[in-house]
Amino acid sequence: MNGPNSMPYDDRVEGERTTPGQAFARPLVSRTRTMLVHFSLVVFALAIVARAVEVQLVNTGRWTQAAENQQVNARDVAPPRGQILDANGVVLVESRELMRLSFAPKQLKPVRKRGAKRSDPPINTRLVVRKGLKAIGVHDTLIRRVMDTTRKWVELPALYLPSDVERFAGLPGVHRDPVLRRTVLAPPGIAGFLGSVRDQSTPVGGIEEELDSLLRGVSGRNALVRVPRSGEIETPALQGLAARPGHDVSLTINLSLQEIAERELADGIARTGSTGGDVVIMDPRDGAVLAMAGVRNGKPSVTATALAEPYEPGSVMKPFVVTRALELTRVQPDELINTEGGKWTVAKRTINDEHKAAFMSVRDVVRNSSNIGAVKIAMQLSEREEYEALRDFGFGTPTGLPYPAESRGQLPTLKWHPQTASAVAMGYGMSATPLQIAAAYVVLANDGELLQPAIVRQVRDADGTVQFAMERRVVRRVLQPATAKLMRTILTSVVDSGTAVAADMATYDVAGKSGTARRAVAGGYHQDQYNSTFAGMFPAQAPQYVLVVRLIDPKGKIFGGTVAGRIVNEILQAALATRDASLDRRALAEVVKPVPVPLRRPLTPTAIAAALRDTARFDSLRAPAPSPVPELAAPARVVVSLPFKTVSKASIENGSGTALRTVPSVYGLDARQAALTLHAAGFRVSLAAGRVTRTRPAAGTMVRSGSVVVLESPQ
């Protein structure tokens, strides 16, 4: 029996009914529910342990990184793009660090300098910011926004040099963020070929786009610790990844020659009233492009028109067909061609010559640019041979320069229309870019080899290690050396006595060919619009330059040998007067032409008698020789009475002060013209570049003959 206070054990399960005699039974407990609760608690405990193991042991790196991310702000650091330089190392394009200014107006509060005493007054941040913004030229409207405490954030639209915003360092509420900006220092005529960079990351056109993988570099990361109320600070405990700058690209462009080409092209366009033009200068020894400029509607073109805009060049194409006929011995240089008196019809097309003659030799066909003669020489070739001749000179295919929008031109393929062969022989029915024409004339200039045109001279990485260096690359041999030399001789006669005498020089032989072609408009040819072209080689014996100049729609004089040939002549003269223009002066000295000195006519007896009479008259006017005076001992000192009086202008005019001369005015002249003017006045010259020049001493000053006059460019 159990005690009176005890209750009997009842193992009935839940749900059984209780009889009236069982009033003192204990509460019922479910064993299944108890086991379920215990199991749930065990599973929950195991889950907590497993999660702890995962967090602290398995994924410790992940959660450590997450914790750091809450305290550290990692920012990408944009790498500086590589520089683009000219052949002599002059920077054409570079990335510069500028600063963007942002302000939190509510945080512009007084602050004390570091290390300042308590008695020192705090800095009035708002006053310092206001004065600083005025000093760097910020408009008053923007300054009022910066001072407006109702605004949370104000960002100035302009960018500033780091030295200009250094005054804001350490001021609360002022944020200076470095920004890289691409700066173009090149002349405007080549800017289209170089391209541009949008948003500091997207290259647009030109070298910037084509060589972006080399120029852009590799981004870095900068780790900053977040500090309450102090923003973000650097710490040596966190190491970032430094950005790796891009490669530097050196071009074959010669900056001095580029500036000459642009200036002379602009002058030629203004002189002839043309709507535009192009200039290409190549080195035929290695295929390097030395200068390239394009102008459209009075402004430098935004694209490289010398590569992207083909046109029908006209008679500058004649030497290539004639050369292939000479190479295949279908004609001889002195063979006479029936030029039909200047008018001839072939394939229902009438061809006219500007220089009319019954017969011309092959040499004179090129020298006088005979259309009839060129067509008849082309008829000595089959259509396939004529096509292959132009194809071998590089027409109809891209030159391969790293420019994304280069045109391949247009060369009709077989089978040709009956008029195509004659049209192509005269430079019609096909199209070519100025660069393709220059590359084809390089074949004639270097004894028959077609070279790969090159614009990239060298590529260096950030450490200065050369990753690429330009080499002379031969595409194919087109002509035998003897044939190329023969054509250079014929082209020399074009300049000295043919259709391009405007390109002739007194001291050197120039070879070349002119072309004047009607412009195609709406399926036909305009009667008053022309492409005037001249392709030249300098010097003719051993060329160092191949130059192609094209003018679009010249007014008045239209012939390429006259208008474009004059531009070539002026480019060559300016290049010879320039210290660095990629010219081998020693090689030029070997081919310089002797300047003939005109012989003096013998004096007649009357002239001899007059000369003797004048000599006797002048001898009678001479003063007697002074009597000899013994030398005196030099004094120990010399006493000069002051003030010292200079020679007056009147004494100069009457001949008593010929040691002094007046400095002439050279305002508006370029450096070369100014130097010639000063030399003629009897002065030595110290040169400085610039079109509008001034002298030091100033014009009108009386200076002793032989003194040095400095030419300066106004700043």
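Another core lies apart, with 19 residues, among them Val138, Leu156, Val165 and Val174. A nonpolar core here is a set of buried Ala, Val, Leu, Ile, Met, Phe, Trp, Tyr and Cys residues joined through side-chain atoms within 4.5 Å, and buried means under 20% relative accessible area, with exposed over 50% and partly exposed in between (1.4 Å probe, protein chains only).

Before going on, please note that this is a predicted model, in which local features need pLDDT of at least 70 and side-chain atom pairs count only at pLDDT 80 or more, while totals for chains, interfaces and linings use all residues. Residues are numbered from 1 along each chain as its sequence is written, and side-chain values use heavy atoms, leaving out hydrogens and water.

Now look for the open sheet, where six strands follow the order β13-β12-β11-β24-β23-β22 with antiparallel pairing. Because β13 (299-300) and β22 (511-521) stand at the edges with a single partner strand each, one side of each has no neighbour in the sheet. Helices (H or I, at least four residues) and strands (E, at least two) are DSSP runs, numbered from the N terminus, and two strands pair if DSSP finds at least two bridges between them. Between β22 and the antiparallel β23 (residues 524-538) there are 10 bridges.

Within β23 you will find threonine 533, which stands opposite glycine 515. Threonine 533 is buried, with a relative accessible area of 0%. The side chain of threonine 533 is joined to that of tyrosine 311 by a polar contact of 3.0 Å; such a contact is a pair of N or O atoms within 3.5 Å, where within protein one must be able to donate a hydrogen and the other to accept it, and residues adjacent in sequence count only if both atoms are side-chain atoms.

Lysine 376, in helix α12 (residues 371-378), is buried too, at 16% relative accessible area. The lysine 376 side chain reaches the backbone oxygen of asparagine 338 at 2.8 Å and makes a polar contact of 2.6 Å with the side chain of glutamate 340.

Finally, turn to helix α17 (residues 560-576). Of the 17 residues in α17, 13 are buried, so this helix is largely enclosed by the rest of the structure.

Notes
The expected span of a helix is 1.5 Å times one less than its number of residues.
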